[in-house]
Amino acid sequence: MSPSSVPSAPQRRPRADAERNRGRVLEAAREVFRASGDEAQMPEIARAAGVGIGTVYRHFPSRSALIAAVGEQRQAEIVEFGRSRCLACPTAAEGLVAYLTHIGEVLSTERGLSAAIEAAFGSTEPAGEGRERAEEVAAQLLARGKEEGTVRADAEVADVVMAVCGLAAVIRNGAGDWHRYVRMVCAGLRP
């Protein structure tokens with residue numbers, strides 16, 4: 001019997017306490033990275049979560065795996081905000097302002113986490129499914145805005161991606177008022 005024809009064992013759901021511990025570690029890691037940036041260490045995160053260091057490593061085999069998970073969680077929350085709040089705005093132009101403003105608020109509040117992500121992976125730019133989902137929100141807002149006439153006809157998702165990258169740089173480098181940057185970008189997206 002070849003290995004591919006051997007029936008696999010059914011996947012067991014993690015125990016409820018293990019899921020709770022994983023959530024506590026993620027929450028604590030986000031707070032510790034927010035406060036300490038790339039200086040945050042796993043024992044500090046374990047203490048903040050109220051668990052042992054073994055529990056942290058059981059869920060996240062490396063510091064970079066933990067940083068990646070916290071970054072993915074943050075990206076998922078941004079996407080959820082975009083879907084639930086920005087797509088529901090009266091106009092797509094208002095939705096774009098809300099989306100970019102929310103991203104700015106998150107990045108501004110979590111500079112330390114962004115620094116840890118950049119140190120671990122060389123960039124803070126989302127990749128994979130998280131990026132695709134964020135771009136889907138932008139695409140829906142742009143398509144609706146073009147229909148309404150509240151967004152310029154040649155606006156593309158790549159423009160929103162560039163705007164977010166610029167927003168991240170303004171915040172990371174303290175290069176000015178990021179709120180003004182969002183206003184200027186959104187004015188440029190209008191017809």
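At the start of helix α9, a side-chain oxygen of D177 comes to within 2.9 Å of the backbone nitrogen of H179. The model is predicted, with local features requiring pLDDT of at least 70 and side-chain atom pairs counted only at pLDDT 80 or more, while totals for chains, interfaces and linings use all residues. Residues are numbered from 1 along each chain as its sequence is written, and side-chain values use heavy atoms, with hydrogens and water left out.

**Helix α9**

- Helix α9 covers residues 178–189, and its 12 residues reach 17 Å from the first C-alpha to the last, close to the 16 Å expected at 1.5 Å a residue; the expected span is 1.5 Å times one less than the number of residues.
- Helices here are DSSP runs (H or I, at least four residues), numbered from the N terminus.
- In α9, the residues W178, V182, V185, C186 and L189 are buried, where buried means under 20% relative accessible area, exposed over 50%, and partly exposed in between (1.4 Å probe, protein chains only).
- An α-helix has 3.6 residues a turn, so residues three or four places apart point the same way.
- The buried residues of α9 pack against α5 (92–109) and α8 (157–173), with contact taken as heavy atoms within 4.5 Å.

**Cavity and pocket**

- On a 1 Å grid over the protein atoms alone, a cavity is a set of points where a 1.4 Å probe fits but cannot get out, whereas a pocket is an open set with protein on both sides within 12 Å along at least five of seven lines, and lining residues have an atom within 4 Å of a point.
- The structure holds one cavity of 30 Å³ or more, and the largest cavity contains about 40 Å³ of space, a volume being the space filled by probe spheres set on the grid points.
- The largest cavity is lined by A93, L96, T150, V151, C186, L189 and R190, and α5 and α9 each supply at least two residues of that lining.
- The largest pocket holds about 880 Å³ of space, and of the 35 residues that line this pocket, the closest to its centre are R74, Q75, T124, E125 and P126.
- The largest share of the pocket lining, eight residues, comes from α8.

**Residue E19**

- E19 lies in helix α1 (residues 16–36) and counts as partly exposed because its relative accessibility is 37%.

Key:
A polar contact is a pair of N or O atoms within 3.5 Å; within protein, one must be able to donate a hydrogen and the other to accept it, and residues adjacent in sequence count only if both atoms are side-chain atoms.
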